[in-house]
Amino acid sequence: MKAARPHGEAITLLDCVTRAAQQLTQAGLAFGHGTQNAFDEAAWLVLWQLELPLDTPLEPTADADNPAPVRRVSPAEQTQVDALIKTRIATRKPAAYLTHEAWLQGVSFYVDERAIVPRSLIAEVLVEGSLDYWLNASTHRVLDLCTGNGSLAVLAALVYPDVMVQASDISAEALEVAHINVQRHGLHQRISLHRGDGLPEHGGPYDLILCNPPYVNAHSMRTLPPEFKAEPALALDGNTAGGVDGMDLVRRLLRDAPARMTENAILVLEIGNERAHFEAAFPELEVIWLATSAGEDQVLLVTREALLKWP
């Protein structure tokens, strides 16, 4: 990579973001850790580096009553932005690992390499009320299995202020990050953290189980872009028990869950792009696919009643 020329004059915020986006595009980076394209990621990194809110307008607004001033980026600031963009390109780490911050449904979370970058679509169905039909006043115990940095546990506690949440993960390091986020949002009295492999032996029965498990199939694991390989493999690889379809943990969960659920409980499961593998593994299981911004084939809901009838 050629060294950047010294910056001699201030430029607009939009020009700064556009230039950064061009660098990211030319480097052939992969996205998907909070942004889906080079421009959005460049805007995130530039605004973070300049300590500006993420909703800062990149160019003047047309609102005559409340015009937004043109934010110019000084030569010194441009040099700082360039350094951050170079680090993103050179390391191929997700941007969230560089900023130590990720946003999910408008809520800020701390993150580092000890835990997967939070991006679960389950966050959408929680915040948008998609689960409310299946829940009622008796919903009190929630389990967030494979909690990672604790983001879904925090969102569940924020959305449902009367519930107690147990957040569980096999990784002690991920739970350290989850602890930071539970404390950050002042939820330590309502969210308990548990280390374990699979469903906890104590703490239920649960009215609602949320799970964004490792589900990537063996072939996809081998072809992941560097940004995804920078994350803990334990949070992605769904084949640790010897399978190849990414469904190893899911099989255990669906088998064991009914004994840990209350009578009218539901389980909400994210399987990403693995619907074909899920349906091949569980062809007779009656599930409900939930609508998300990524479509209706990435997050599913299954009732305890359906689990008891299966297989």
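## Around helix α7

Just after α7, G186 takes a positive phi of about 65°. Helices here are DSSP runs of H or I with at least four residues, strands are runs of E with at least two, and both are numbered from the N terminus.

A quick word on what you're looking at: this is a predicted model, where local features need pLDDT of at least 70 and side-chain atom pairs count only at pLDDT 80 or more, while totals for chains, interfaces and linings use all residues. Residues are numbered from 1 along each chain as its sequence is written, and side-chain values use heavy atoms, with hydrogens and water left out.

## The buried side of α7

Which residues of α7 are buried? They are A174, L175, V177, A178, N181 and V182. Because they cover an arc of only 155° around the axis, they sit on the same side of α7 (the arc is that of the directions from the helix axis to the C-beta atoms). Buried means under 20% relative accessible area, exposed means over 50%, and partly exposed is in between, using a 1.4 Å probe and protein chains only. These buried residues pack against β4 (107–110), α6 (151–159), β6 (164–169) and β7 (191–195).

## S171, the cap

S171 is found in the loop between β6 and α7, and it caps the N-terminal end of that helix. Its side-chain oxygen lies 3.3 Å from the backbone nitrogen of E173.

S171 counts as buried because its relative accessibility is 16%. Leaving aside neighbours within four places in sequence, S171 is in contact (heavy atoms within 4.5 Å) with R114, R195 and L234.

The largest nonpolar core has 33 residues, and L269, F278 and L285 have the most contacts inside it. A nonpolar core is a set of buried Ala, Val, Leu, Ile, Met, Phe, Trp, Tyr and Cys residues joined through side-chain atoms within 4.5 Å. The elements giving two or more residues to this core are β5 (141–145), β8 (206–211), α10 (248–256), β9 (261–270), β11 (295–303) and α12 (304–309). Of these, β9 gives the most, with 4 residues. As for L285, not counting residues up to four places away in sequence, it touches L254, F278, V302, A306, L307 and W310. Apart from this core lies another, of 31 residues, among them A156, L187, V268 and V299.

Back to α10: D248, L249, V250, L253 and L254 are buried there. What covers them includes β5, β8, β9, α11 (275–281) and α12.

Strand β3 (residues 101–104) runs antiparallel to β4, and 4 bridges join them; strands pair if DSSP finds at least two bridges between them. A102 stands opposite F109 in β4. The two strands form a hairpin with 2 residues between them, and Q105 in the turn has a positive phi of about 55°.

Further along, β10 (residues 288–292) and β11 also pair in the antiparallel sense, over 4 bridges. Here W289 stands opposite L300 in β11, and the hairpin joins the strands through 2 residues.

## L24 in helix α1

Is L24 buried or exposed? L24, in helix α1 (residues 13–26), counts as buried because its relative accessibility is 0%. Neighbours within four places aside, L24 is in contact with L29, F31, A38, E41, A42, I85, R88 and I89.

Most residues other than glycine have a negative phi, and most peptide bonds are trans. E51 has a positive phi of about 55° although it is not a glycine; E51 lies in the loop between α2 (38–49) and β2 (72–73) and counts as exposed because its relative accessibility is 72%. R92, in the loop between α3 (75–91) and α4 (95–99), has a positive phi near 60°.

The peptide bond from G204 to P205 is cis, with omega near 0°, and P205 is found in the loop between β7 and β8. Another cis bond joins W310 and P311, with omega about 0°; P311 is in the segment after α12.

How values were computed: Polar contact = N/O pair within 3.5 Å; in protein donor to acceptor, adjacent residues only side chain to side chain.
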